[in-house]
Amino acid sequence: MIEGSDPVLKKEYIVIGGHYDHLGMGGEGSGSRAPEVLAIHNGADDNASGTAAVLAIARAFAKAEKLPERSVVFVFFAGEELGLLGSRSFVLDPPLPLDSIIAMLNFDMVCRGGSDTLYISPESTNSALYLMAKEKAMAEGFKTVQQNMISFGGSDHQPFLDKNIPALHFFTGLHADYHQVSDNPDRCDSVKASKVARLGWKLAWEIANSNITFANHYSEIKN
């Protein structure tokens with residue numbers, strides 16, 4: 001955590017996270033039907049790319065000339081592939097008051113899919129937060145593509161939405177190497193991953209240095 005500098009706003013938090021677990025040796029979780037299914041699945045895109053983005057954003061905050069006004073929490077979740085275990089644990093036994101979390105930014109699979117494609121979701125539940133993220137994505141050269149669903153529910157932003165916390169998922173799309181032994185570093189676009197991290201940093205920095213708040217309408221839409 002980087003504690004905020006403002007005596008009031010430092011009691012409010014932005015959570016930036018991504019999961020660091022993958023499939024281990026594969027097995028039933030692997031999408032491969034080949035004999036090498038019982039082999040190390042490196043998960044370079046899913047989700048070494050997202051954890052690298054979180055680390056890059058943390059480094060940018062640490063090197064900034066001044067502290068943010070709000071506090072920023074960086075989280076690496078375990079057990080995402082087993083059912084969002086880490087992120088669910090975070091919200092069920094929170095290390096900080098859930099109602100003090102202004103926004104959660106989740107980075108999961110952010111280095112594939114072509115140079116200009118980026119999915120940001122969900123729009124329908126977090127319209128103001130989504131529009132802020134979309135503006136910054138366009139400035140970085142991305143062509144944002146909104147997913148046609150309330151949420152890409154299989155990632156670590158979902159437990160936060162369930163607790164009525166505004167949250168976004170940054171994602172560059174599925175591909176043939178998803179959950180395969182072939183999801184290796186040589187297939188990643190490091191320049192694109194850097195662009196996603198830079199987008200995340202700029203978005204988080206703006207939120208952290210303002211008193212802006214966001215509404216989350218997920219429970220209303222879900223019901």
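Which element contributes the largest share of the lining of the largest pocket? In this predicted model, that share comes from helix 1, with 6 residues.

## The largest pocket

The largest pocket has a volume of about 160 Å³, and its lining includes Ala 44, Ala 48, Cys 111, Ser 190 and Ala 197. Helix 1 (44-63) and helix 5 (190-208) are the elements that give two or more residues to this lining. By class, the lining of the largest pocket consists of 8 nonpolar and 3 polar residues, with no charged residues.

## A nonpolar surface patch

Tyr 20, Leu 55 and Phe 76 make a nonpolar surface patch of about 320 Å². Tyr 20 lies in the loop between strand 1 (13-19) and helix 1, and it is exposed, with a relative accessible area of 53%.

## Backbone geometry

Most peptide bonds are trans, and most residues other than glycine have a negative phi. A cis peptide bond, with omega of about 5°, joins Asp 46 and Asn 47, and Asn 47 lies in helix 1. The peptide bond from Ser 121 to Pro 122 is also cis, with omega near 0°, and Pro 122 lies in the loop between strand 4 (117-121) and helix 3 (127-139).

Met 109, although not a glycine, has a positive phi of about 70°; Met 109 lies in the loop between strand 3 (101-107) and strand 4, and it counts as buried because its relative accessibility is 3%, under the 20% limit. Asn 164, likewise not a glycine, has a positive phi of about 65° and is found in the loop between helix 4 (158-162) and strand 6 (167-171), where Asn 164 counts as partly exposed at 42% relative accessibility.

Note on methods: Residues numbered from 1 in each chain as written. Predicted model: local features only at pLDDT ≥ 70, side-chain atom pairs only at ≥ 80, totals over all residues. Heavy atoms only, no water. 1 Å grid on protein atoms, 1.4 Å probe; cavity = no way out; pocket = protein on both sides within 12 Å on 5 of 7 lines; lining within 4 Å. Points joined across faces, edges and corners; volume = space filled by probe spheres on them. Helix = DSSP H or I, 4+ residues; strand = E, 2+ residues; numbered from the N terminus. Nonpolar A, V, L, I, M, F, W, Y, C, P; charged D, E, K, R; others polar. Patch = residues over 30% accessible without salt bridge, like charges linked within 9 Å, V, L, I, M, F, W, Y side chains within 5 Å. Areas by Shrake-Rupley, 256 points an atom, 1.4 Å probe, with all protein chains shown as cover. Salt bridge = Lys/Arg side-chain N within 4 Å of Asp/Glu carboxyl O. Buried < 20%, exposed > 50% of the residue type's maximum accessible area, 1.4 Å probe, protein only.
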